[in-house]
Amino acid sequence: MKPEPVHLGGVTDGFGLAARVLDTRVREVRRLAGGLQKRDQHGLHDFRIACKRLRYALERFADLEASLETVAAPFALLQDALGEAHDRDVLLSILPVAMGQTEHRLAGEREACVDRAVVLWAQAQELLLDCPLIVLEAASNHS
Amino acid sequence: MGRRGDLTSNRILREGRFKYFRRTLARNERPPAMKWLKRAVEKERRALEGARRRFVSKSTEERLHSVRTAGRRFRSLLEDVAELAPSAKLLRRVKRAAEQTDAARDATIILRLLENSVDPSERHLAEPLLAELSARESEATRLAHKRLRRARFTG
């Protein structure tokens, strides 16, 4: 999945750069969050990639604003949960048909991973509301 | 009450929730974008190059994972700032390095998962797939090692 391009025209300082990148990545994550509700493999995959991009951006800009680390933490857990669901999807796609018991177990684990991701996404959204990226953007505009 | 996602930066600032941060971000405290960016790119480049060297010296599962993680972080940075600091050639190299490790990592993960989740009553049915994944893991790791030996991410 190609990343949403970040428009950086007029950016002069590190905070302005952080604000533009984070703003774009948050928007991307929210746009793809529907995949979590649908619970299908493709939608979950795209959402996971978007979460990963946002997490890396949050961690990268934490040297400008340390509290971004706190926002990144639930995204790391969310990425793990979605990754574990993805691994089970891959294994289920190549599992011999005769292995019904194993298939049943993997499918159950997969659903549990997605349930965990739903809870983590709710927590991550709460943190995003207080995300200092909004502040960084404002600071850049109020010099 | 509106949806929480509808809160805009202006509204939050009007409500005065972030006064502390606004005070701390004086103009002279802000690093110039290009200076910060140059430092960040160099940091990620060194991390990937270091992970690559460690994997080439000894190709373990953990070291392969480190190469992939460092590569993803670097790629993410290059994509995020492409408009400000285009580096198509470097981005291609980083993407290629990731692709060269995909097969090895996939085989390892799926092999471990199958080993841990196979129902005891179906173990005999899983044996051919376990053997195939094990062979795929060895071959893909060998190939990743061979290709990463030649890869360079330095300037």
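**Exercise 1.** In what order do the elements of chain B run from the N terminus on?

*Solution.* This is a predicted model, in which local features need pLDDT of at least 70 and side-chain atom pairs count only at pLDDT 80 or more, while totals for chains, interfaces and linings use all residues. Residues are numbered from 1 along each chain as its sequence is written, and chains are lettered from A and ligands numbered from 1 in the order in which they are written. Helices (H or I, at least four residues) and strands (E, at least two) are DSSP runs, numbered from the N terminus. Chain B holds six helices and zero strands, and the order reads α-α-α-α-α-α.

**Exercise 2.** At what angle do H1 of chain A and H3 of chain B pack?

*Solution.* Begin with the axes, which are lines fitted to C-alpha atoms, for helices over the stretch in contact, with angles running from 0 to 180 degrees between N-to-C directions. H1 (residues 14–32) of chain A and H3 (residues 33–57) of chain B pack at about 70 degrees, and their axes are 7 Å apart. The two helices are therefore roughly perpendicular (65 to 115 degrees).

**Exercise 3.** Which residues of H1(A) and H3(B) meet?

*Solution.* Two residues are in contact if their C-beta atoms, placed from the backbone, lie within 7 Å. A:Gly14, A:Gly16 and A:Leu17 in H1(A) meet B:Ala33, B:Trp36 and B:Leu37 in H3(B).

**Exercise 4.** Which residues does A:Ala117 touch, not counting residues up to four places away in sequence?

*Solution.* With those neighbours left out, A:Ala117 touches A:Leu36, A:Leu78, A:Ala81, A:Leu82 and A:Ala85.

Note on methods: Angles under 35 degrees count as roughly parallel, over 145 as roughly antiparallel, 65 to 115 as roughly perpendicular and the rest as oblique.
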